[in-house]
Amino acid sequence: MASHSDTLVVFFGATAGANGGKLGSDEREIILLVWQIVDLHEKKVGKLHRCVVKPDTLELTDQCKEETGLTLDDIIKAEPLDKALQQFQQSVSSEVKCLGRSSYTLCVNSPLVIRQALHPEASKKNLVLPECFFSFVDVTKEFHKCCPNAGSVQKLTLSSMLEYVGLPAESEQLMGVREVRSMVQLTLCILAEPYSHTFSCVETVKYKFDSGTCSKTEPVDSETVIRARGLPWQSSDQDIARFFKGLNIAKGGIALCLNAQGRRNGEALVRFINSEHRDLALERHKHHMGSRYIEVYKATGEEFLKIAGGTSNEVAQFLSKENQVIIRMRGLPFTATPQEVLAFLGPESPVTDGAEGLLFVKYPDGRPTGDAFVLFSCEEYTQNALKKHKQILGKRYIELFRSTAAEVQQVLNRYMSTPLISTLPASPIVPVPVLASPSFLPSASSTRDCVRLRGLPYTAGIEDILDFMGEHTVDIKPHGVHMVLNQQGRPSGDAFIQMKSPDRAFMVSQKCHKKTMKDRYVEVFQCSTEEMSIVLMGGTLNRSGLSPPPCKLPCLSPPTAYAAFPTPPAILSEAALYQPPLLAAPRPHQTTAHSAAHTLAYYPPQPHLYMNMNMNYTAYYPSPPVSPSTVSYFAAPPGAVAAAVAAQPHPAAAASPVLSQPGALVRMQGLPYNTGVKDILSFFQGYQLQPDAVLILYNFSGQCSGEALLTFPSEEMARRAVAERSNHPFYGQQVHLVFCN
């Protein structure tokens, strides 16, 4: 008899699309359930039940109509899946009780109906399946165990098995009824003499995915690994496990892949318990997770170990605690302490074992990366912690999202193997032009008072950048525009601009991001001079963050020199090669139409370019920035703006606040992602809010972050708006207002 059961429930299901060997491969819903009870003690059978199920999508393929004999009218009148399963459970429980039995096990002809149809559909519809659907026996495998000479499991069919034991094929034409009656006949036959078979190979479906660690020395069979591609970036290991619901994933068998910046790239490697489950996973190629279809391909054990494998004792100890939920924190201040992180998370989300439940990610020399992983003992604490997403710690907002054990390993592996800039191999001293006059080099600092422009047209000049910056031109530091050249000495499409303060840099990154310049949109990232220097050494920087330079051999080929190098070459010291960007020296002020802006510096008509020969070659190969190369260029704002600046009583008056006009600042949170300025103005009718006083904030992807900054004409008006409009519905969502001192 089946293990721990005295009754079998022979079970069959069909979908609105492909059936048979392709059941579940097209994501079509179940439309038919058929079952019949077999008493293993008395060798008796119960009543046969046939239940039509109503799918959410009322559509049947022609093949389905032909095979099942069902029409649209039949399924329209039927009950949905949850009601059909409830009917199944009540019917079976009643019959089993009448037989005087205490338990039962499902018996199917193929695991597809359970693993590929029922569990995935229930997961998508958030249905809780009865416990009986988490274990079953496969009559084909049981028959092969009973009669090993009948052929391989893959080639056995109901008709061939009946023929092997000398039973006639079932004459019933109705789909489902025919299969169930055939399975019942076969079951009774192998239970009787001379076979006297015992059903013992019970297969199970895991209730949940078990997280865990994987050692780099652990053998991983390549026949058990797949690569899933096209995942939403915010997907967790539990989301991926849900996508593969019905298939058993090995413990710790989900590894989310990261890109060069340490962010998820939409791919994951998944390791299953055996090749059979891997093959079923491949059948889910282009199935959907939400509105996205996911591609599923074969992968190798080596690829899985490269991503998920780890040898760090610190990581192993951190992940040794069972049944913990992992959260990744990103963007922490480099000076953040465990106590500050615990205080940030608050008492409502206690960390497992306090500071022992924190793992700070560091570079090999011990410098912090701004990332950390946190352990929580339950889902409630995790949800409380995730509510802190994008809240402020120190002067930085912190990102929080679910993580996995494999991601912990991968992030630690990535950062611990990242070479330091100081470990760069020595490079020969290369003759390059240098300035005879004193340089105006920005000292490396973590203050984020710079912006990077990426994607500039290669023909773009300084005037184009000024036009692009618009009103923000007045906030550029003297000698603050640096064009970046590539290996060949040509424009790379990048530029760095030093602003007068981090607030001005922030405003530029928000207002100018993805504005167009000569039919190309330009990306604008806020950064520091320290990050700028790292980028110039071969690292990468985008809205996803900073990635230090890889340690590759330096490119020794000198770039093609511009004809604009009139100065004889001189030898740069090693220290000079590592200095921040070298700029052209200013020349005395000349009277021009823009003379009103008297505090702004000028550039000589033939500036010198500075190139670093000690850099690593990367895909972008950034060179140190150079001074503006336009003859007689001076960093003055457009005439109208310059006149307005000159009209100020003293230079300090030119400093602009975070927003473009004085007033009281309010932060608006919880906005729908398609919110526009008109929507916000409509919400604040009667509060004297002007269109230019609304600044919608954007996230790293250039999409609305769900927040906005509003400048009200007075503090009284701002406080009134916060008191009266906070937590009110805004196009179906509650918005939260915070008064900013």
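How many bridges join strand E31 to E36? Five, with E31 covering residues 664-669 and the two strands running antiparallel. One quick note before going on: this is a predicted model, where local features need pLDDT of at least 70, side-chain atom pairs count only at pLDDT 80 or more, and totals for chains, interfaces and linings use all residues. Residues are numbered from 1 along each chain as its sequence is written, and side-chain values use heavy atoms, leaving out hydrogens and water.

Strands here are DSSP E runs of at least two residues, helices are H or I runs of at least four, and both are numbered from the N terminus. Two strands pair if DSSP finds at least two bridges between them.

Back to that pair: Arg667 has Val738 in E36 as its bridge partner. Both strands sit in an open, antiparallel sheet of four, ordered E32-E33-E31-E36. At the edges, pairing on one side only, are E32 (694-698) and E36 (736-740).

Now the helices. H21 (residues 715-725) lies across E31, E33 and E36, at about 155° to E36. H16 (residues 502-511) lies across E32 and E33, at about 80° to E32. Those angles, from 0 to 180 degrees, are between N-to-C directions of lines fitted to C-alpha atoms, for helices over the stretch in contact, and contact means heavy atoms within 4.5 Å.

Okay, last stop: Ile114. Beyond its neighbours within four places in sequence, Ile114 is in contact with residues including Phe11, His119, Pro120 and Phe133. That's it from me!
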